[in-house]
Amino acid sequence: MQRTLASRRPELLLLLFTVGYLVALTLQVRRGGQTVLGGTALALFGPVLTAYNSAARFSQEGFDAYLWQRDAALRAEALSRENLALRGELQRVQPLADENARLRRLLDVPPPPAVRLVGGRALMRYGEPFGRYLLVSCDPAAPVFPDTPVLDPDGVVGKVQASSGNFYRVLLVTDPSSAVGVMTARTGARGVAVGDGRAIEVSWVTNEADVRPGDRFVTSGEDGVFPPGISVGTAIAVSDGGDYLKRITLRPAAALDTLTWVVLAVKGRA
Amino acid sequence: MRRPAVATVVVCLLALAVQLVLLPLVSRDLNSANCFLALLAVLGVRQKRLAGVLWGAVLGGLTDALLMQHAGYHGIAFTLLGYGFGWLGEKMVITGRGALFTLTFAAVLLDAALVTALFSALERPLAAAVLWGPVAVSAAVTPLLALGLERVYRLLARGERP
């Protein structure tokens with residue numbers, strides 16, 4: 001064996017040099033961003049590696065799919081239970097979310113000057129057909145007196161008429177005995193808003209005044225009860241009367257039918 | 001002092017000088033002539049296969065280093081040619097000018113063919129029109145260089161029997 005190798009030394013050396021030079025060439029020459037040797041190796045071993053990788057992935061994915069199928073019924077049952085529980089939770093949470101939204105809107109109400117807003121819960125409307133009242137409960141320590149304005153995020157609700165403990169009777173702005181000094185936000189035409197049971201009538205506005213349907217009426221502050229600038233309602237009907245006074249009907253700005261929370265504007269700095 | 005060794009060193013230096021200095025000075029067209037191939041022919045036919053392979057590897061690598069962008073094209077060709085020269089040197093005694101000229105001429109063609117094939121396989125195909133001129137010049141000049149180197153070698157290694 002050794003003698004054979006010794007006698008074949010030139011051929012071995014020839015092979016060694018030839019292969020060595022060839023490898024050196026393939027390491028130097030670059031084609032398509034990589035050496036020829038790298039490209040050749042990739043071409044030779046790429047399919048094998050791809051096949052191996054595909055087989056391994058197929059096995060793994062197949063096993064995963066089997067496990068997935070096997071446990072599908074159990075997962076479906078668990079998901080159904082979870083779905084049921086979540087639905088129940090939603091039933092409980094949705095009113096809280098609505099209430100939270102209303103309270104947030106209340107917080108956005110701009111406080112009138114020199115008053116402090118105290119939150120109160122609107123418990124119930126009562127008194128019809130003789131009166132339109134709202135029962136409100138709030139902190140008994142709050143300095144709430146008769147004629148304290150009661151507001152909601154959209155505008156005037158009414159004013160406190162009487163109290164007992166932490167319960168307050170609020171005369172709604174739609175009550176026929178309610179009167180609020182108002183003016184149009186657009187032209188400043190002034191009048192007195194009086195309830196008619198369901199809507200609000202504005203009296204003492206002359207025919208010459210510039211009032212149109214759609215005009216927004218706000219408190220004028222002249223009644224000494226309500227701070228100026230708070231929405232009372234929007235004109236839905238305007239007509240000239242024979243007594244030189246306009247007939248104006250407002251739709252109340254406050255959502256009187258769905259009140260849950262209100263604020264009471266008590267006197268004193270916020 | 002061994003005269004063949006001295007003669008070998010001298011013809012190597014001479015080949016280097018001719019390839020790098022003389023041929024470019026005479027004409028740029030002569031750059032395609034390969035003095036190292038001529039040297040391989042001169043030395044290879046005096047050696048055995050093993051020495052022929054070694055000379056081929058060394059001179060091929062030198063040629064690549066001087067003439068080519070990537071080392072290996074002439075390295076492979078010269079190694080194969082060196083083996084061939086050595087094999088011929090073992091089989092017969094080549095002394096005539098005609099034989100050396102013919103051998104070198106054939107070696108030029110083989111070298112050109114091998115290098116072209118390798119270059120086309122590894123890098124990019126070469127148009128035949130680009131090759132004919134340089135190969136023709138090399139085929140004409142390189143054997144003459146081989147004859148010149150052979151003459152010098154014989155003068156220096158007087159008394160050596162190839």
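A: Let's start with what covers the buried residues of α5(B): the cover includes α2 and α3 (36-70) of chain A, along with α2, α4 and α6 of chain B. Keep in mind that this is a predicted model. The buried residues of α5(B) are B:L100, B:L103, B:T104, B:A107, B:V108, B:D111, B:A112, B:V115, B:L118 and B:L122. Here's a handy bit of background: an α-helix has 3.6 residues a turn, so residues three or four places apart point the same way. As for its length, α5(B) has 26 residues and spans 37 Å from its first C-alpha to its last, close to the 38 Å expected at 1.5 Å a residue.

Now for the place where the chains touch. Chain A puts 14 residues into the contact, and chain B puts in 17 residues. On the chain A side, helix α2 (residues 9-28) gives the most, with twelve residues. Sort that side of chain A by type and you get ten nonpolar residues, three polar and one charged.

Next, the nonpolar cores. The largest one has 51 residues, and those with the most contacts inside it are B:A38, B:L39, B:L40, B:A41, B:V42 and B:L149. At least two residues of this core come from each of α2 of chain A and, in chain B, α1 (3-26), α2 (35-44), α3 (49-67), α4 (73-91), α5 (97-122) and α6 (128-156). The top contributor is α2(B), with nine residues. Zoom in on B:A38 and, leaving out residues up to four places away in sequence, you'll find it touching B:A15, B:T104, B:T142, B:L145, B:A146 and B:L149. One of those, B:T104, is also among the buried residues of α5(B). There's a second, separate core too, with 39 residues, including A:Y168, A:V205, A:V218 and A:L250.

Before you go, have a look at two loops in chain A. Most residues other than glycine have a negative phi. A:D147, though, has a positive phi near 75°, and it sits in the loop between β4 (133-138) and β5 (149-152) of chain A. A:D147 counts as exposed because it has 12 C-beta neighbours inside 10 Å. A:Y244 has a positive phi as well, near 70°. You'll find A:Y244 in the loop between β12 (231-240) and β13 (246-252) of chain A, and with 9 C-beta neighbours inside 10 Å, A:Y244 counts as exposed.

Terms used:
Residues are numbered from 1 along each chain as its sequence is written. Chains are lettered from A and ligands numbered from 1 in the order in which they are written. This is a predicted model: local features need pLDDT of at least 70, side-chain atom pairs count only at pLDDT 80 or more; totals for chains, interfaces and linings use all residues. Two residues are in contact if their C-beta atoms, placed from the backbone, lie within 7 Å. Helices (H or I, at least four residues) and strands (E, at least two) are DSSP runs, numbered from the N terminus. Ala, Val, Leu, Ile, Met, Phe, Trp, Tyr, Cys and Pro count as nonpolar, Asp, Glu, Lys and Arg as charged, and the others, Gly among them, as polar. A nonpolar core is a set of buried Ala, Val, Leu, Ile, Met, Phe, Trp, Tyr and Cys residues joined through C-beta atoms within 7 Å. A residue is buried if 20 or more other C-beta atoms lie within 10 Å of its own, exposed if 12 or fewer, and partly exposed in between; C-beta atoms are placed from the backbone. The expected span of a helix is 1.5 Å times one less than its number of residues.
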